[in-house]
Amino acid sequence: MPSITIDIAPLSREQKAQIAKELTESASRITGIDPWAFYVFINEYPRDCIGVGGELLSDRRPRDISDTMNRTAALLAVLIVVAVLAVAAAVFINSPGGGQDAPPDDGTVPAGKVAVVCFSETGNTERIAKEIAGMTGGDFIRITPEVPYTAADRDYSDSGSRTRLEQNDASARPAIANSIDISGYSAVFLGYPIWYGDSPKIMWTFVETHGLEGKTVIPFCTSSSSGVGSSDDHLKALSDGGNWLGGKRFSSTASQSEIRSWISGLGLEAPA
Ligand SMILES: Cc1cc2nc3c(=O)[nH]c(=O)nc-3n(C[C@H](O)[C@H](O)[C@H](O)COP(=O)(O)O)c2cc1C
């Protein structure tokens with residue numbers, strides 16, 4: 001998670017919003033990393049909490065304060081440059097999923113009738129998919145790309161990377177290597193990472209080539225910060241039907257209890 005942290009005396013909401021916006025835009029422009037990836041942490045301290053040369057900032061005369069604030073601003077500028085340089089070298093901290101087993105859920109979804117179909121490149125979505133499978137008694141099914149993605153393919157800072165080109169190409173449908181049969185399932189969880197604000201095009205391949213009509217379809221995704229956006233609607237529009245529930249976004253560190261409470265709230269019932 002590329003992040004920029006600044007420590008500063010209290011600001012108005014507008015000032016904070018402007019700082020977050022401008023730092024994000026500058027960092028994105030300099031590094032080529034998309035703005036959605038950045039977090040800006042603003043730590044505000046009341047002037048009474050800031051001592052300068054043994055004196056509280058709040059005790060200083062306005063001119064001293066503005067001198068100090070100028071120095072603080074200069075220091076801040078240096079910190080920002082350092083932070084931006086650090087950001088340039090930053091990589092997402094993606095911990096590959098361990099596929100831990102979870103205790104069975106309360107039985108709202110019938111065992112054997114649930115498929116948890118998932119595409120995952122760095123393991124985040126896969127971990128959650130395996131949690132869902134464990135909690136619902138469902139079968140975990142991986143979507144494997146025919147042409148594996150390399151780290152360079154996944155380089156979102158490269159405007160010519162494979163993922164970027166595919167996501168920008170409305171007709172791109174990366175082939176799936178494995179044969180997936182979902183005909184015997186009544187509920188299908190569909191998991192994917194968010195790529196450039198949408199689902200990876202291989203998910204489009206999947207929904208176009210696998211009949212979902214008559215099934216309950218539950219999309220979920222992981223991302224660094226983006227929401228589901230229209231990714232679930234796009235998949236639904238490409239499918240042959242089905243009862244699509246609204247998509248759910250998880251962070252890569254989503255806990256078992258968060259996943260469990262989402263599943264409980266879905267209101268899925270055993271088929272007749
Ligand atoms: C090519 C690419 C594009 C990405 N685009 C976004 C994005 O638009 N928004 C976001 O929040 N995260 C984005 N991410 C981060 C992933 O969504 C996030 O790391 C996700 O948890 C990865 O899931 P996985 O480990 O199952 O592949 C992107 C990652 C890659 C590799």
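Strand 1 (residues 3–8) and strand 2 pair in the parallel sense over six bridges; strands count as paired if DSSP finds at least two bridges between them. The model is predicted: local features need pLDDT of at least 70, side-chain atom pairs count only at pLDDT 80 or more, and totals for chains, interfaces and linings use all residues. Residues are numbered from 1 along each chain as its sequence is written. The protein has seven helices and ten strands, where helices (H or I, at least four residues) and strands (E, at least two) are DSSP runs numbered from the N terminus. Of its 272 residues, 31% are buried. A residue is buried if 20 or more other C-beta atoms lie within 10 Å of its own, exposed if 12 or fewer, and partly exposed in between, with C-beta atoms placed from the backbone.

- Strand 2 (residues 39–44) lies largely in the open, because the number of buried residues among its six is zero.

**Contacts and cores**

- Two residues are in contact if their C-beta atoms, placed from the backbone, lie within 7 Å.
- Of the contacts in the protein with a separation of 6 or more, 78% are between residues 24 or more positions apart.
- A nonpolar core is a set of buried Ala, Val, Leu, Ile, Met, Phe, Trp, Tyr and Cys residues joined through C-beta atoms within 7 Å.
- The largest nonpolar core has 37 residues, of which Val116, Val117, Ile132, Val188, Phe189, Leu190 and Met203 touch the most other members.
- Strand 5 (114–118), helix 3, strand 7, helix 5, strand 8 (216–222) and helix 7 (256–265) each supply at least two residues of this core.
- Apart from this core lies another, of five residues, among them Ile4, Ala27, Ile33 and Phe38.
- Not counting residues up to four places away in sequence, Val116 touches Ala129, Ile132, Ala133, Gly138, Asp139, Phe140, Ile141, Phe189 and Gly191.

**Strands 7 and 8**

- Strand 7 and strand 8 run parallel and are joined by seven bridges.
- Ala187 stands opposite Thr216 in strand 8.
- Strand 8 is mostly covered, with seven of its seven residues buried.
- The buried residues of strand 8 are Thr216, Ile218, Phe220 and Thr222 on one side, and Val217, Pro219 and Cys221 on the other.
- Ile218, found in strand 8, counts as buried because it has 27 C-beta neighbours inside 10 Å.
- Leaving aside neighbours within four places in sequence, Ile218 is in contact with Ala187, Phe189, Leu190, Leu245 and Leu266.
- Ile218 and Val116 are 102 residues apart along the chain, and their C-alpha atoms are separated by 9.1 Å.

- Helix 3 (residues 124–136) is mostly covered, with 13 of its 13 residues buried.
- From its first C-alpha to its last, helix 3 reaches 19 Å, close to the 18 Å expected at 1.5 Å a residue; the expected span is 1.5 Å times one less than the number of residues.
- Gly137, which follows helix 3, has a positive phi near 70 degrees.
- Helix 5 (residues 201–209) is mostly covered, with seven of its nine residues buried.
- Those buried residues are Lys201, Ile202, Met203, Trp204, Thr205, Phe206 and Val207.
- Their cover includes helix 4 (162–168), strand 7 (187–193) and helix 6 (231–238).

**Ligand shell**

- The ligand is surrounded by 24 residues, the closest being Ser120, Thr122, Asn124, Thr125 and Pro193; a residue is near a molecule or strand if its C-beta atom, placed from the backbone, lies within 6 Å of it.
- Helix 3 gives the largest share of this shell, three residues.
- By class, the shell has seven nonpolar, 14 polar and three charged residues.
- Ala, Val, Leu, Ile, Met, Phe, Trp, Tyr, Cys and Pro count as nonpolar, Asp, Glu, Lys and Arg as charged, and the others, Gly among them, as polar.

- Most residues other than glycine have a negative phi.
- Tyr196 is not a glycine, yet has a positive phi of about 50 degrees.
- Tyr196 is in the loop between strand 7 and helix 5 and is partly exposed, with 14 other C-beta atoms within 10 Å.
- Ser28 lies in helix 1 (residues 13–31) and is partly exposed, with 19 other C-beta atoms within 10 Å.
- Leaving aside neighbours within four places in sequence, Ser28 is in contact with Ile33, Asp34, Pro35 and Phe38.
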